[in-house]
Amino acid sequence: MKILITGAKGFIGRNLCENLKNIKEGKDRTRAFTVDEIFEYDVDSGRDKLDLYCKECDFVFNLAGINRPKDKEEFNINHSFLAQLLNLLKKHNNRCPVMLSSSSQALLDNDYGKSKKEAEDLLLAYGKENHIRTLVYRFPNVFGKWCRPNYNSAVATFCNNIANDLPIVVNDRNTLLTLVYIDDIVEEMFNALQGREHRESEICFVETTYKKTLGEITDLLYRFNSQPETLLLPPIAKGSFEKKLYSTFLSYLPERKIKFALKGNEDERGSFTEFLKTADHGQFSINISRPGIVKGQHWHNTKWEFFLVVSGHGKIQERKIGTDEVIEFEVSGKKLEAVHMLPGYTHNIINLSDSEDLVTVMWANEMFDKDKPDTFHEDVK
(Lines give C-alpha, C1' and ligand atoms only; values in the text may rest on other atoms or scores of the structure.)
Protein backbone atom coordinates (compact mmCIF):
# COMPACT_ATOMS: atom_id res chain seq x y z
CA MET A 1 0.00 0.00 0.00
CA LYS A 2 1.24 3.48 -0.92
CA ILE A 3 -0.24 6.16 1.31
CA LEU A 4 -0.41 9.90 0.67
CA ILE A 5 -0.66 12.18 3.71
CA THR A 6 -1.24 15.88 3.11
CA GLY A 7 -0.51 18.18 6.04
CA ALA A 8 2.13 15.65 7.05
CA LYS A 9 3.98 18.10 9.29
CA GLY A 10 0.88 19.03 11.26
CA PHE A 11 -0.21 17.60 14.60
CA ILE A 12 -2.36 14.74 13.29
CA GLY A 13 -0.19 14.23 10.21
CA ARG A 14 3.01 13.83 12.18
CA ASN A 15 1.49 11.27 14.55
CA LEU A 16 -0.01 9.32 11.66
CA CYS A 17 3.22 9.40 9.62
CA GLU A 18 5.39 8.18 12.48
CA ASN A 19 3.06 5.29 13.29
CA LEU A 20 2.83 4.28 9.63
CA LYS A 21 6.64 4.32 9.51
CA ASN A 22 6.67 1.87 12.43
CA ILE A 23 4.62 -0.51 10.28
CA LYS A 24 6.64 0.11 7.10
CA GLU A 25 9.94 -0.46 8.91
CA GLY A 26 8.75 -3.58 10.74
CA LYS A 27 8.82 -2.01 14.20
CA ASP A 28 5.08 -2.62 14.60
CA ARG A 29 4.24 -6.18 13.61
CA THR A 30 0.78 -6.22 15.18
CA ARG A 31 -1.06 -4.86 12.14
CA ALA A 32 -2.97 -6.83 9.51
CA PHE A 33 -1.71 -4.62 6.68
CA THR A 34 1.63 -3.53 5.27
CA VAL A 35 2.92 -0.17 4.07
CA ASP A 36 5.18 0.12 1.04
CA GLU A 37 5.49 3.89 0.68
CA ILE A 38 4.49 6.96 2.68
CA PHE A 39 4.15 10.11 0.60
CA GLU A 40 4.48 13.06 2.99
CA TYR A 41 3.15 16.29 1.51
CA ASP A 42 3.04 19.69 3.19
CA VAL A 43 2.80 23.34 2.25
CA ASP A 44 6.48 23.52 1.25
CA SER A 45 6.55 20.30 -0.80
CA GLY A 46 5.73 21.71 -4.25
CA ARG A 47 3.02 21.01 -6.84
CA ASP A 48 5.16 18.54 -8.80
CA LYS A 49 5.41 16.22 -5.83
CA LEU A 50 1.68 16.33 -5.26
CA ASP A 51 1.12 15.42 -8.90
CA LEU A 52 3.46 12.44 -8.61
CA TYR A 53 1.98 11.28 -5.32
CA CYS A 54 -1.57 11.47 -6.70
CA LYS A 55 -0.51 9.23 -9.56
CA GLU A 56 1.05 6.57 -7.34
CA CYS A 57 -0.97 6.49 -4.10
CA ASP A 58 -3.45 3.82 -3.00
CA PHE A 59 -5.05 5.86 -0.20
CA VAL A 60 -5.19 9.58 0.63
CA PHE A 61 -5.33 11.11 4.09
CA ASN A 62 -6.09 14.78 3.44
CA LEU A 63 -5.12 16.40 6.71
CA ALA A 64 -4.03 19.71 5.17
CA GLY A 65 -5.99 22.78 6.13
CA ILE A 66 -5.92 26.17 7.75
CA ASN A 67 -7.68 27.22 10.94
CA ARG A 68 -5.84 30.31 12.14
CA PRO A 69 -5.38 32.55 9.09
CA LYS A 70 -4.30 36.20 9.19
CA ASP A 71 -7.14 36.97 6.79
CA LYS A 72 -10.47 35.10 6.79
CA GLU A 73 -10.23 34.79 3.01
CA GLU A 74 -7.46 32.23 3.57
CA PHE A 75 -10.10 29.81 4.83
CA ASN A 76 -10.83 29.19 1.15
CA ILE A 77 -7.69 27.04 1.12
CA ASN A 78 -9.62 24.32 2.95
CA HIS A 79 -11.81 23.98 -0.14
CA SER A 80 -9.40 24.97 -2.92
CA PHE A 81 -6.61 22.60 -1.89
CA LEU A 82 -9.00 19.67 -1.75
CA ALA A 83 -10.28 20.61 -5.21
CA GLN A 84 -6.72 20.65 -6.51
CA LEU A 85 -6.05 17.25 -4.93
CA LEU A 86 -9.17 15.67 -6.42
CA ASN A 87 -8.41 17.09 -9.87
CA LEU A 88 -4.96 15.51 -9.80
CA LEU A 89 -6.46 12.15 -8.82
CA LYS A 90 -8.90 12.47 -11.74
CA LYS A 91 -6.07 13.41 -14.08
CA HIS A 92 -4.32 10.14 -13.32
CA ASN A 93 -7.56 8.16 -13.19
CA ASN A 94 -6.67 7.21 -9.63
CA ARG A 95 -9.81 5.87 -7.94
CA CYS A 96 -8.25 5.35 -4.50
CA PRO A 97 -10.20 6.17 -1.30
CA VAL A 98 -9.89 9.72 0.03
CA MET A 99 -10.19 10.73 3.67
CA LEU A 100 -10.90 14.33 4.73
CA SER A 101 -10.03 15.77 8.13
CA SER A 102 -12.97 18.05 8.87
CA SER A 103 -14.13 19.55 12.14
CA SER A 104 -17.16 19.49 14.40
CA GLN A 105 -17.32 23.19 13.61
CA ALA A 106 -18.58 22.29 10.13
CA LEU A 107 -22.01 22.42 11.76
CA LEU A 108 -21.49 26.00 13.00
CA ASP A 109 -22.11 29.32 11.28
CA ASN A 110 -18.56 30.72 11.29
CA ASP A 111 -15.97 31.24 8.57
CA TYR A 112 -13.87 28.25 9.58
CA GLY A 113 -16.89 25.96 9.89
CA LYS A 114 -18.28 27.08 6.54
CA SER A 115 -14.96 26.36 4.81
CA LYS A 116 -14.90 22.88 6.30
CA LYS A 117 -18.50 22.19 5.29
CA GLU A 118 -17.75 23.28 1.71
CA ALA A 119 -14.81 20.86 1.63
CA GLU A 120 -17.04 18.07 2.97
CA ASP A 121 -19.67 18.69 0.30
CA LEU A 122 -17.02 18.72 -2.40
CA LEU A 123 -15.55 15.39 -1.35
CA LEU A 124 -18.90 13.69 -0.89
CA ALA A 125 -20.04 14.86 -4.33
CA TYR A 126 -16.77 13.61 -5.84
CA GLY A 127 -17.34 10.20 -4.27
CA LYS A 128 -20.92 9.91 -5.50
CA GLU A 129 -20.20 11.11 -9.03
CA ASN A 130 -17.21 8.82 -9.49
CA HIS A 131 -18.30 5.88 -7.31
CA ILE A 132 -15.23 6.30 -5.14
CA ARG A 133 -15.02 5.57 -1.41
CA THR A 134 -14.79 8.80 0.57
CA LEU A 135 -14.39 9.30 4.31
CA VAL A 136 -15.29 12.57 6.04
CA TYR A 137 -14.23 12.81 9.71
CA ARG A 138 -15.51 15.66 11.86
CA PHE A 139 -12.92 15.76 14.63
CA PRO A 140 -13.73 17.57 17.89
CA ASN A 141 -10.93 19.03 20.06
CA VAL A 142 -7.87 16.84 19.52
CA PHE A 143 -5.22 16.44 22.23
CA GLY A 144 -2.00 14.47 22.57
CA LYS A 145 1.77 14.67 22.13
CA TRP A 146 3.30 17.09 19.61
CA CYS A 147 0.31 19.45 19.53
CA ARG A 148 1.42 23.06 19.26
CA PRO A 149 0.54 25.18 22.32
CA ASN A 150 -0.84 28.70 22.09
CA TYR A 151 -2.40 27.90 18.73
CA ASN A 152 -5.79 26.21 18.52
CA SER A 153 -5.77 23.66 21.36
CA ALA A 154 -6.63 24.70 24.92
CA VAL A 155 -5.35 21.35 26.23
CA ALA A 156 -1.96 21.82 24.55
CA THR A 157 -1.69 25.36 25.92
CA PHE A 158 -2.66 24.29 29.44
CA CYS A 159 -0.24 21.33 29.37
CA ASN A 160 2.62 23.48 28.14
CA ASN A 161 2.04 26.35 30.57
CA ILE A 162 1.45 24.25 33.67
CA ALA A 163 4.43 22.00 32.90
CA ASN A 164 6.60 25.10 32.52
CA ASP A 165 5.12 26.87 35.57
CA LEU A 166 3.49 29.56 33.42
CA PRO A 167 0.08 31.10 34.14
CA ILE A 168 -3.08 29.95 32.38
CA VAL A 169 -6.34 31.77 31.74
CA VAL A 170 -9.64 29.96 32.24
CA ASN A 171 -12.58 32.23 31.57
CA ASP A 172 -15.22 29.69 32.59
CA ARG A 173 -14.36 26.47 34.44
CA ASN A 174 -17.71 25.00 33.41
CA THR A 175 -17.04 25.24 29.67
CA LEU A 176 -17.57 21.73 28.31
CA LEU A 177 -15.24 20.34 25.65
CA THR A 178 -15.64 17.24 23.50
CA LEU A 179 -12.20 15.74 23.15
CA VAL A 180 -10.53 13.00 21.13
CA TYR A 181 -7.06 11.60 21.79
CA ILE A 182 -4.49 11.53 19.01
CA ASP A 183 -3.71 7.80 19.38
CA ASP A 184 -7.42 7.02 19.04
CA ILE A 185 -7.46 9.03 15.81
CA VAL A 186 -4.44 7.13 14.49
CA GLU A 187 -6.12 3.83 15.37
CA GLU A 188 -9.25 4.92 13.52
CA MET A 189 -7.13 5.89 10.50
CA PHE A 190 -5.76 2.36 10.50
CA ASN A 191 -9.37 1.11 10.56
CA ALA A 192 -10.10 3.34 7.57
CA LEU A 193 -7.17 1.87 5.63
CA GLN A 194 -8.71 -1.56 6.08
CA GLY A 195 -12.27 -0.54 5.24
CA ARG A 196 -13.40 -0.81 8.85
CA GLU A 197 -14.08 2.84 9.58
CA HIS A 198 -16.80 3.87 12.01
CA ARG A 199 -19.51 5.55 10.00
CA GLU A 200 -22.92 7.08 10.48
CA SER A 201 -24.41 7.76 7.08
CA GLU A 202 -21.97 9.98 5.17
CA ILE A 203 -19.91 11.07 8.19
CA CYS A 204 -17.20 8.96 9.82
CA PHE A 205 -16.18 9.26 13.45
CA VAL A 206 -13.69 8.15 16.09
CA GLU A 207 -15.45 5.79 18.46
CA THR A 208 -13.87 7.03 21.71
CA THR A 209 -14.41 10.65 22.76
CA TYR A 210 -14.61 12.40 26.13
CA LYS A 211 -16.64 15.30 27.51
CA LYS A 212 -14.73 17.28 30.14
CA THR A 213 -14.98 20.77 31.55
CA LEU A 214 -12.06 23.18 31.54
CA GLY A 215 -12.10 22.99 35.32
CA GLU A 216 -11.76 19.20 35.33
CA ILE A 217 -8.89 19.38 32.84
CA THR A 218 -6.88 22.05 34.63
CA ASP A 219 -7.40 20.46 38.06
CA LEU A 220 -5.97 17.21 36.73
CA LEU A 221 -3.00 18.97 35.12
CA TYR A 222 -2.09 20.72 38.37
CA ARG A 223 -2.23 17.35 40.14
CA PHE A 224 0.08 15.88 37.51
CA ASN A 225 2.46 18.79 37.95
CA SER A 226 2.68 18.24 41.71
CA GLN A 227 3.47 14.52 41.37
CA PRO A 228 7.24 14.90 42.06
CA GLU A 229 6.35 16.41 45.46
CA THR A 230 3.36 14.22 46.38
CA LEU A 231 4.62 11.09 44.54
CA LEU A 232 0.92 10.41 43.98
CA LEU A 233 -0.37 9.28 40.61
CA PRO A 234 -4.08 9.84 40.00
CA PRO A 235 -6.18 6.90 38.78
CA ILE A 236 -5.06 6.11 35.24
CA ALA A 237 -7.17 3.14 34.22
CA LYS A 238 -6.69 1.60 30.79
CA GLY A 239 -8.41 3.68 28.14
CA SER A 240 -9.29 6.45 30.59
CA PHE A 241 -9.15 10.15 29.80
CA GLU A 242 -6.87 10.64 32.80
CA LYS A 243 -4.30 8.19 31.43
CA LYS A 244 -4.26 9.87 28.03
CA LEU A 245 -4.11 13.38 29.48
CA TYR A 246 -1.21 12.40 31.74
CA SER A 247 0.73 11.03 28.76
CA THR A 248 0.02 14.28 26.95
CA PHE A 249 1.15 16.38 29.91
CA LEU A 250 4.44 14.48 30.23
CA SER A 251 5.29 15.26 26.61
CA TYR A 252 5.44 18.98 27.51
CA LEU A 253 7.83 18.65 30.46
CA PRO A 254 10.92 20.86 30.21
CA GLU A 255 14.31 19.21 30.62
CA ARG A 256 14.72 20.52 34.17
CA LYS A 257 11.62 18.58 35.27
CA ILE A 258 12.30 15.24 33.61
CA LYS A 259 14.50 14.21 36.55
CA PHE A 260 13.45 14.91 40.13
CA ALA A 261 14.95 14.15 43.54
CA LEU A 262 13.32 11.82 46.06
CA LYS A 263 13.22 12.48 49.78
CA GLY A 264 14.70 9.54 51.64
CA ASN A 265 14.93 8.72 55.35
CA GLU A 266 18.53 7.80 56.17
CA ASP A 267 20.27 6.60 59.33
CA GLU A 268 23.14 4.33 60.32
CA ARG A 269 21.17 1.26 59.17
CA GLY A 270 20.74 2.53 55.60
CA SER A 271 17.85 4.35 53.97
CA PHE A 272 14.17 4.07 53.05
CA THR A 273 12.82 6.12 50.14
CA GLU A 274 9.25 6.32 48.90
CA PHE A 275 9.23 6.28 45.09
CA LEU A 276 5.66 6.21 43.81
CA LYS A 277 2.18 6.29 45.35
CA THR A 278 -1.19 5.47 43.83
CA ALA A 279 -4.66 6.17 45.16
CA ASP A 280 -5.92 2.61 44.64
CA HIS A 281 -2.92 0.35 44.10
CA GLY A 282 -0.49 1.04 46.89
CA GLN A 283 3.00 2.47 46.81
CA PHE A 284 6.56 1.60 45.78
CA SER A 285 9.64 2.24 47.91
CA ILE A 286 13.37 1.54 47.80
CA ASN A 287 15.07 0.15 50.91
CA ILE A 288 18.84 0.07 51.38
CA SER A 289 20.28 -1.96 54.27
CA ARG A 290 23.91 -1.62 55.34
CA PRO A 291 26.00 -4.80 55.81
CA GLY A 292 24.81 -6.96 58.72
CA ILE A 293 21.71 -4.83 59.36
CA VAL A 294 18.29 -6.28 60.22
CA LYS A 295 15.24 -4.22 59.22
CA GLY A 296 11.53 -4.75 59.67
CA GLN A 297 10.59 -6.76 62.75
CA HIS A 298 6.93 -5.80 62.50
CA TRP A 299 3.59 -7.13 61.28
CA HIS A 300 0.36 -5.86 59.70
CA ASN A 301 -3.32 -6.76 59.96
CA THR A 302 -4.50 -6.00 56.43
CA LYS A 303 -1.51 -4.47 54.69
CA TRP A 304 0.65 -6.80 52.60
CA GLU A 305 3.85 -6.24 50.64
CA PHE A 306 6.20 -7.65 48.02
CA PHE A 307 9.97 -7.51 48.58
CA LEU A 308 12.29 -7.79 45.59
CA VAL A 309 16.03 -7.73 46.26
CA VAL A 310 17.80 -6.23 43.23
CA SER A 311 21.34 -5.97 44.62
CA GLY A 312 23.24 -7.71 47.40
CA HIS A 313 22.69 -10.90 49.38
CA GLY A 314 20.17 -11.25 52.18
CA LYS A 315 17.59 -13.27 54.04
CA ILE A 316 13.90 -12.68 54.73
CA GLN A 317 12.25 -14.23 57.78
CA GLU A 318 8.53 -14.46 58.56
CA ARG A 319 6.64 -15.84 61.56
CA LYS A 320 2.90 -16.13 62.02
CA ILE A 321 1.79 -14.17 65.09
CA GLY A 322 1.08 -16.49 68.03
CA THR A 323 3.34 -19.29 66.73
CA ASP A 324 7.04 -20.15 66.98
CA GLU A 325 7.66 -21.49 63.48
CA VAL A 326 9.89 -19.22 61.34
CA ILE A 327 10.04 -19.48 57.56
CA GLU A 328 13.14 -18.18 55.78
CA PHE A 329 14.00 -17.16 52.21
CA GLU A 330 17.51 -16.45 50.96
CA VAL A 331 17.41 -13.59 48.46
CA SER A 332 19.96 -12.14 46.06
CA GLY A 333 20.24 -9.55 43.33
CA LYS A 334 21.74 -12.30 41.19
CA LYS A 335 18.41 -14.15 41.15
CA LEU A 336 15.36 -11.89 41.10
CA GLU A 337 12.56 -13.39 43.19
CA ALA A 338 9.55 -11.63 44.73
CA VAL A 339 8.61 -12.55 48.31
CA HIS A 340 5.19 -11.98 49.89
CA MET A 341 5.09 -10.28 53.29
CA LEU A 342 1.96 -11.97 54.64
CA PRO A 343 -0.71 -10.24 56.74
CA GLY A 344 -0.55 -11.47 60.32
CA TYR A 345 3.13 -12.48 59.99
CA THR A 346 5.92 -10.50 61.60
CA HIS A 347 8.79 -10.21 59.13
CA ASN A 348 12.28 -8.84 58.65
CA ILE A 349 15.00 -8.55 56.04
CA ILE A 350 18.66 -9.17 56.89
CA ASN A 351 21.74 -8.12 54.94
CA LEU A 352 24.06 -11.16 55.02
CA SER A 353 26.97 -9.35 53.38
CA ASP A 354 29.98 -8.00 55.27
CA SER A 355 30.70 -5.29 52.70
CA GLU A 356 27.83 -4.78 50.25
CA ASP A 357 24.54 -2.88 50.65
CA LEU A 358 21.31 -4.81 50.23
CA VAL A 359 18.93 -2.97 47.88
CA THR A 360 15.25 -3.97 47.92
CA VAL A 361 12.30 -2.74 45.88
CA MET A 362 9.21 -2.84 48.08
CA TRP A 363 5.55 -2.60 47.14
CA ALA A 364 2.78 -2.18 49.71
CA ASN A 365 -0.88 -2.63 48.79
CA GLU A 366 -1.82 0.73 50.32
CA MET A 367 -0.24 4.11 50.90
CA PHE A 368 1.29 4.66 54.31
CA ASP A 369 -1.10 6.43 56.66
CA LYS A 370 0.67 7.91 59.69
CA ASP A 371 -2.68 8.18 61.52
CA LYS A 372 -3.43 4.49 60.96
CA PRO A 373 -0.14 2.79 60.05
CA ASP A 374 -1.30 -0.83 60.66
CA THR A 375 2.30 -1.60 61.70
CA PHE A 376 3.17 -3.29 65.01
CA HIS A 377 6.68 -4.07 66.31
CA GLU A 378 7.52 -7.68 67.12
CA ASP A 379 10.82 -9.49 66.55
CA VAL A 380 10.67 -12.53 64.29
CA LYS A 381 13.02 -14.37 66.62
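Trainee: Which word describes how H7 and H9 are set to each other?
Mentor: This is a predicted model, in which local features need pLDDT of at least 70, side-chain atom pairs count only at pLDDT 80 or more, and totals for chains, interfaces and linings use all residues. Helix H7 (residues 214-225) and helix H9 (residues 241-250), both DSSP runs of H or I with at least four residues, pack at about 60° with their axes 10 Å apart. Angles under 35 degrees count as roughly parallel, over 145 as roughly antiparallel, 65 to 115 as roughly perpendicular and the rest as oblique, so H7 and H9 are oblique.

Trainee: How many residues of the contact of H7 with H9 are nonpolar?
Mentor: With contact meaning heavy atoms within 4.5 Å, Ile-217, Leu-220, Leu-221, Phe-224 and Asn-225 in H7 meet Phe-241, Glu-242, Leu-245, Tyr-246 and Phe-249 in H9. Of these residues, 1 is polar, 1 is charged, and the number that are nonpolar is 8.

Trainee: Which residue of S5 stands opposite Val-98?
Mentor: Strand S4 (residues 98-103) and strand S5 (residues 134-139) pair in the parallel sense over 6 bridges. Within S5, the residue opposite Val-98 is Thr-134.

Technical notes: Residues are numbered from 1 along each chain as its sequence is written. Side-chain values use heavy atoms; hydrogens and water are left out. Axes are lines fitted to C-alpha atoms, for helices over the stretch in contact, and angles run from 0 to 180 degrees between N-to-C directions. Helices (H or I, at least four residues) and strands (E, at least two) are DSSP runs, numbered from the N terminus. Ala, Val, Leu, Ile, Met, Phe, Trp, Tyr, Cys and Pro count as nonpolar, Asp, Glu, Lys and Arg as charged, and the others, Gly among them, as polar. Two strands pair if DSSP finds at least two bridges between them.
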